[in-house]
Structures are given as structure tokens and as C-alpha cells.
Amino acid sequence: MNFDLTEERQMLQDSLRRFLRDRYDTATRNRILDSDTGFDAQIWSDLAELGILGALFPEDRGGFGGAGFDIVTVFEELGRAGVVEPVMEVLLAGQFVPDDLLDAVIAGDTHFAFAHAEPDSRYDLDRIQTRAEPDADGYRLTGRKSVVQNAEAAEIIVTSARDGDTISLFSVRPEDTDLQAYPLTGGGRAAEMILDGTPAMRLTENALPQIEAGTARAATAQCAETLGAMETAMALTREYLMTRTQFGKPIGSFQALQHRFADMAIEMEQARSAVILAAHHLDGDRQDRDRHVSMAKQLIGRVGRLVAEESIQMHGGIAMTQEYELAHIAKRIVLADHRFGDTDHHLERFIALG
């Protein structure tokens, strides 16, 4: 397998990395974290203008990418910089909306959210209790959705519900729901969404296979984002080990710390290989796709915790301060394990699929 990026993806990576290096520092992120929206409108507009949102979708839907390697290229750079803007929500909800609505999303003019998880569903995609009942104007939804990210800013929330014996997807306007919003520890905002006879329009019938495919793409993106965050944690730790002195020499010259850093580097290479394999199999056979996604998610979760904990320990107390880059990066790495299935869930799933 050729591990080099194509010329187009290399250009995409270079332009995004350069933009984030110039515009997205720790102070900027902390300001965004304290805001009411959870993202910066100007940075969001600039990301759309750069084509970052369009890279997540194929040409026949108005984008210019959409393949597994396009997705991981974008999200690895977002993770490297610790970006909190809701790009993941574009990838998730954008897969389920009509093409005419997606154009506005790719242009950065419209925000969507995806509401699927429920209080009792854990990570089971088919465990949905929200009900859809037809009426004269469309449908009415009743139920509750949990951790709906970017719900406050969305013009449309793509919502799953039981539609007879199957699961369908519906478009819901946020103002028709009861949203109980809150900030997320790793950045951004989410909400608990209560539906009580909420008016909705059906987008897709029998949507579970589509939800599974969309979640596989999002889980792979999450793996790539975490991989980029781990790269930053490693770089910060390497720099600290070479500049912090003890007994008249850099602490990076001590063999015990060298061994610990080497262990992280080895685990990182395994994690990177798993993400590459998951990206390669995203558009293949369903069972093959799911097996590789679970393998990558489980490995990223395990290695991510190792990198976050070791980086903090080798830094000492400075790593826990909000003003230092590693504090946010380490939180993002650890919390990423709990989205789209944690290490235990994906280990069990990988065994079952094997």
C-alpha cells in the first residue's frame, strides 16, 4: 500500500496546517471555549472558504473529496491544532440531508446537527425509543435525544426515530424542541433534546444501514482527529524534555524518560497504521469496514490514554494549567474515546465481527 498522500491531499493538508498555525493558538481556543456558541464564526467561514467542509463530500454532492483518506487528512490536522469548531457535525449530518441543503452547509452558511443517541442507547445504533407518528403535515416525534452536539447553532437537526418497524431520519427545527444546552469539557456545546409531539419531515426511510455507514465514517474521523492530537502531545513532551533541566542537564537525557517516550512513539506508529487501514476500508464490504473501524477505534482509545497520561506525568504540574496547550489536548484525547464507542465496546465488536 502506498502511504504517501496524493498531490491534492498534500495541498489540502499544507493549506489547512498553515491556516491553523497562523490563526489557532491556545489563547484563541480558550476565548472560543468561553463563548456562548462554542465556535468562532469567522474561523468557521474561513474553513469553509478553504474548502475544508467540501473535502468531506464527493463531487456528485457538491464537494471535491469524500473518500476515507480525504476525511482523515482533514481531521488529523484539526486534531493536531485542537480545533473545537463543529466540523464533525457537518460530516455526520451532511451525509443524511438532501443535496440542495448540503450546498449551504459546505459554503459555511448553515449549521446542522445530528440527534441519534438516547439516554438508554449507550453505543447501540439500533436501540432507539423515540417514536414517529404521521399526521396531516408530516410527522410528530416524541422521545429524548442525548448529547446533541451543535444543536443550539443548527438550523436543522437530523433526528432518528422509530417509524413503524424501522428507523427513519427526520428533519426537525431546534425552535420546535426543548433544548437543555451545556458546554462540553473537550470544547464545543451540546444539548439534551426533548421531543413532545414535535413536527418533523421525513428525510430517509429504513435508515439504519445509512446511519451505520455514516457513523463508521465519523468514528474514523474521530480516530484521525485523536491521532493528530496525540502528535501534538508528543511534540510538546519532546520539546519539554529537551528544555527542562535537572542536575544541570535536560531531563530528556535521562534513560528512564527516554524509554517511556520511545514506548509512546512505538504505540503511535501502530495507531497510525490502524487509522490508515480504517480509511482504506471505509467504502468496502460492510463487515470488513466495521471490523477495521473497531480495530482502529479500540487501538486509538488505548494508545490515546497512554499518551495523555504519560505526557502529563513527564511534564509535571504545568501540564494541568489551562494556559498551557497540553491541558486541552490531553482532555480531548481522553474524551474522544467515549464518542462513537469506547475501547471496551469496540473490542467486543471486533471479536464478534472476527
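Helices (H or I, at least four residues) and strands (E, at least two) are DSSP runs, numbered from the N terminus. By that naming, Ile351 sits in helix H11, residues 343-353. This is a predicted model, in which local features need pLDDT of at least 70, side-chain atom pairs count only at pLDDT 80 or more, and totals for chains, interfaces and linings use all residues. Residues are numbered from 1 along each chain as its sequence is written, and side-chain values use heavy atoms, leaving out hydrogens and water.

**Salt bridges**

- A salt bridge here is a side-chain nitrogen of Lys or Arg within 4 Å of a carboxyl oxygen of Asp or Glu.
- Side chains of opposite charge can pair when their charged atoms come close.
- The rule gives a count of 29 salt bridges.
- Arg29 pairs with Glu325, and their closest N and O atoms are 2.9 Å apart.
- This pair links distant parts of the chain: Arg29 is in helix H2 (residues 26-33), Glu325 is in helix H10 (residues 325-336), and 296 residues separate them.
- Arg29 is buried, at 0% relative accessibility. The terms used throughout are buried for under 20% relative accessible area, exposed for over 50%, and partly exposed in between (1.4 Å probe, protein chains only).
- Glu325 is buried as well, with a relative accessible area of 15%.
- Arg272 forms a salt bridge with Glu76, with 3.0 Å between the closest N and O atoms.
- Here too the pair links distant parts of the chain: Arg272 belongs to helix H8 (residues 255-280) and Glu76 to helix H4, 196 residues apart.
- Arg272 counts as partly exposed at 22% relative accessibility, whereas Glu76 is buried at 11% relative accessible area.
- A network of salt bridges links Arg17, Glu76, Glu77, Arg80, Glu231 and Arg272.
- Glu309 forms a salt bridge with Arg305, the closest N and O atoms being 3.7 Å apart.
- Glu309 and Arg305 are four residues apart in helix H9 (residues 286-315), so about one helical turn separates them.
- An α-helix has 3.6 residues a turn, so residues three or four places apart point the same way.
- Both ends of this pair are partly exposed: Glu309 at 41% relative accessibility and Arg305 at 37%.

**Helices H4 and H5**

- Two packed helices are described by the angle between their axes and the distance between the axes.
- The axes of H4 (residues 68-81) and H5 (residues 87-94) come within 11 Å and cross at roughly 155°. Axes are lines fitted to C-alpha atoms, for helices over the stretch in contact, and angles run from 0 to 180 degrees between N-to-C directions.
- H4 and H5 are therefore roughly antiparallel to each other. Angles over 145 degrees count as roughly antiparallel, under 35 as roughly parallel, 65 to 115 as roughly perpendicular, and the rest as oblique.
- Ile71, Phe75 and Leu78 in H4 meet Val87, Met88 and Leu91 in H5. Contact means heavy atoms within 4.5 Å.
- Eight of the eight residues of H5 are buried, so H5 is largely enclosed by the rest of the structure.
- Among the buried residues of H5 are Glu89, Val90, Leu92, Ala93 and Gly94.

**Strand E3**

- Val148 lies in strand E3 and is buried, with 0% relative accessible area.
- Not counting residues up to four places away in sequence, Val148 touches Ala113, Phe114, Ala115, Ile157, Arg189, Ala190, Ala191 and Met193.
- Val148 and Leu179 are 31 residues apart in sequence and 9.2 Å apart in space, C-alpha to C-alpha.
- Val147 is also in strand E3, residues 138-149. Val147 counts as partly exposed at 43% relative accessibility.

**Positive phi values**

- Val147 has a positive phi of about 50° although it is not a glycine.
- Arg122, another residue other than glycine, has a positive phi near 50°.
- Arg122 lies in the loop between strand E1 (112-115) and strand E2 (131-135), and counts as exposed at 53% relative accessibility.

**Nonpolar surface patch**

- Leu347, Phe350 and Ile351 form a nonpolar patch on the surface, with about 270 Å² of accessible area together.
- Patches are made of residues with over 30% relative accessible area and no salt bridge; like charges are joined within 9 Å, and nonpolar side chains (Val, Leu, Ile, Met, Phe, Trp, Tyr) within 5 Å.
- Accessible areas come from the Shrake-Rupley method with a 1.4 Å probe; for residues, only the protein chains shown count as cover.
- Ile351 is exposed, at 59% relative accessible area.
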